[in-house]
Amino acid sequence: MLKEHDYNEYCRGMGIINSADLADRRFDRIDWLAEDLLKPGLSILAGAPKIGKSWLVLQLCLAVAKGEPFLGNPTRQGSVLYISLEDSETRLQERINRITEKASVNLHVALHCSPLGDELSMEIADFTVKFPDARLVVIDTFQKIREQSAQMSYSGDYSDVSFIKHVADQLGITILLVHHTRKMSDGDVINEISGTNGIAGSADTLMILKKQKRTDSKAILSCTGRDIEDRVTELDMDRETCIWKAVSAPVKKKKEAMPPILHKLIAYAAEIKTYDGSNAAFCAQFCAYSGEDIAPNALKRIMNRWRYALEDAGLYYLSVRTKNERRLAVNYYQPDKPLLDPVSAEEEAALWEEAALRKKAGRGAEEIPLPTNDDAPSADRDAEPEEIPLPTDDDAPPADRDRPWQYFH
């Protein structure tokens with residue numbers, strides 16, 4: 001993997017990266033947990049006591065565990081941990097049997113956990129280790145894990161929520177905190193969340209469940225966040241099953257279509273299969289093939305913006321900066337064909353150790369190509385290759401990754 005010191009500069013210990021490198025850097029794809037509603041990170045569901053929040057989050061937990069839609073939004077299936085700190089096993093049993101005909105082995109429940117702090121973070125981390133497909137952890141309620149204090153402060157609220165957000169970000173999962181709202185109404189429902197603005201300020205997604213009357217079966221779910229558009233959904237609870245259903249759904253924006261030039265780029269990549277050279281030369285060859293007239297920087301910008309759509313079509317690329325130019329490695333494989341066996345973490349480490357030794361022996365950093373799957377140590381190989389080329393189709397990711405070249409950042 002590329003080390004931070006390969007592309008970062010340091011100012012008194014502060015790691016920085018220039019915008020050109022940042023634009024070209026490949027990050028792990030962040031998939032929706034519930035499409036257009038929840039992504040990995042920290043989310044908060046707030047509402048008045050006994051309004052149906054726990055029913056709603058239990059419904060979400062089961063939907064993710066089964067890979068079924070939640071309020072009409074497709075979900076990404078995976079293991080779920082529901083930490084229910086206000087319920088008993090018998091109550092949870094009754095609720096699960098009421099809202100589903102078949103429970104899921106992917107949904108795990110806990111009635112106790114450590115208070116907010118390192119021990120809690122380790123408990124959540126242990127869950128993700130035991131269940132590598134972990135997607136969601138729900139803590140019901142947030143107040144139960146906090147240090148009880150009569151004094152509220154913005155810094156205290158922000159610090160508590162930021163701690164949980166850091167855990168979610170580090171583990172790459174969604175953590176949902178169930179919280180309460182104030183008694184007083186406000187023109188902005190976000191201001192009704194109990195506590196200071198420090199709670200709302202640190203969360204990625206906020207959902208507020210609100211009824212006109214407590215006895216109503218209907219409610220309004222207001223959602224806002226960093227990754228979603230503001231939305232208001234009218235819900236109705238079935239009194240028999242206690243399942244919330246979306247009566248109205250927000251109008252979804254039409255998804256932007258991939259630019260036609262990228263369809264030509266995919267066709268070109270499918271023809272050449274691999275490329276290793278400068279950005280400028282690649283752009284010139286592509287323009288000659290496609291009849292397009294576009295500058296190398298403009299082509300790269302479009303590629304960066306649509307990187308994951310290109311990957312879905314089988315086109316993977318990696319941009320590497322050298323002292324004199326930016327080099328590009330392109331790799332194409334048929335999306336319906338499986339990748340080759342991945343290198344192990346030990347093999348990958350050996351490749352980078354070899355590259356470091358070559359650098360120490362006097363070769364410039366810009367002359368040390370990235371390792372490929374062919375360069376992995378092998379007992380039946382007679383000799384080490386003289387050169388380590390940029391990634392090719394053989395560069396499958398480590399076994400615990402599901403995307404090619406994920407480990408090159």
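Biologist: In this predicted model, which helix does Glu119 lie in?
Modeller: Glu119 lies in helix H4, which covers residues 118–130.

Biologist: What makes the patch with Glu119 a negative one?
Modeller: The patch is formed by Asp118, Glu119, Glu123 and Asp126.

Biologist: Why is Glu311 said to form a salt bridge with Arg26?
Modeller: The closest N and O atoms of Glu311 and Arg26 are 2.7 Å apart. The cut-off is 4 Å between a side-chain nitrogen of Lys or Arg and a carboxyl oxygen of Asp or Glu, so the pair qualifies.

Biologist: What parts does this pair tie together?
Modeller: Glu311 lies in helix H10 (307–312), while Arg26 is in the loop between helix H1 (19–24) and strand E3 (41–47), so the pair ties together parts that are 285 residues apart in sequence.

Biologist: Why is Glu311 called buried?
Modeller: Its relative accessible area is 3%. Buried means under 20%, so the word applies to Glu311. Arg26 has a relative accessible area of 5% and is buried by the same rule.

Biologist: What makes Asp236 and Lys218 a salt bridge?
Modeller: Their closest N and O atoms are 3.5 Å apart, and the limit is 4 Å. Asp236 is in strand E10 and Lys218 in strand E9, 18 residues apart.

Biologist: Why is Lys218 called partly exposed?
Modeller: Lys218 has 40% relative accessibility.

Biologist: How many salt bridges does a search of the whole structure find?
Modeller: The search finds 17.

Biologist: Which residues touch the most other members of the largest nonpolar core?
Modeller: They are Leu136, Leu209, Leu221 and Trp244, in a core of 38 residues. Helix H2 gives the most to this core, with 10 residues. A second, separate core has 28 residues, including Leu42, Ile139, Ala168 and Ile175.

Terms used. Residues numbered from 1 in each chain as written. Predicted model: local features only at pLDDT ≥ 70, side-chain atom pairs only at ≥ 80, totals over all residues. Heavy atoms only, no water. Patch = residues over 30% accessible without salt bridge, like charges linked within 9 Å, V, L, I, M, F, W, Y side chains within 5 Å. Areas by Shrake-Rupley, 256 points an atom, 1.4 Å probe, with all protein chains shown as cover. Lys, Arg positive; Asp, Glu negative; His and termini not counted. Charge placed at Lys NZ, Arg CZ, Asp CG, Glu CD. Helix = DSSP H or I, 4+ residues; strand = E, 2+ residues; numbered from the N terminus. Core = buried A, V, L, I, M, F, W, Y, C linked by side-chain atoms within 4.5 Å. Buried < 20%, exposed > 50% of the residue type's maximum accessible area, 1.4 Å probe, protein only.
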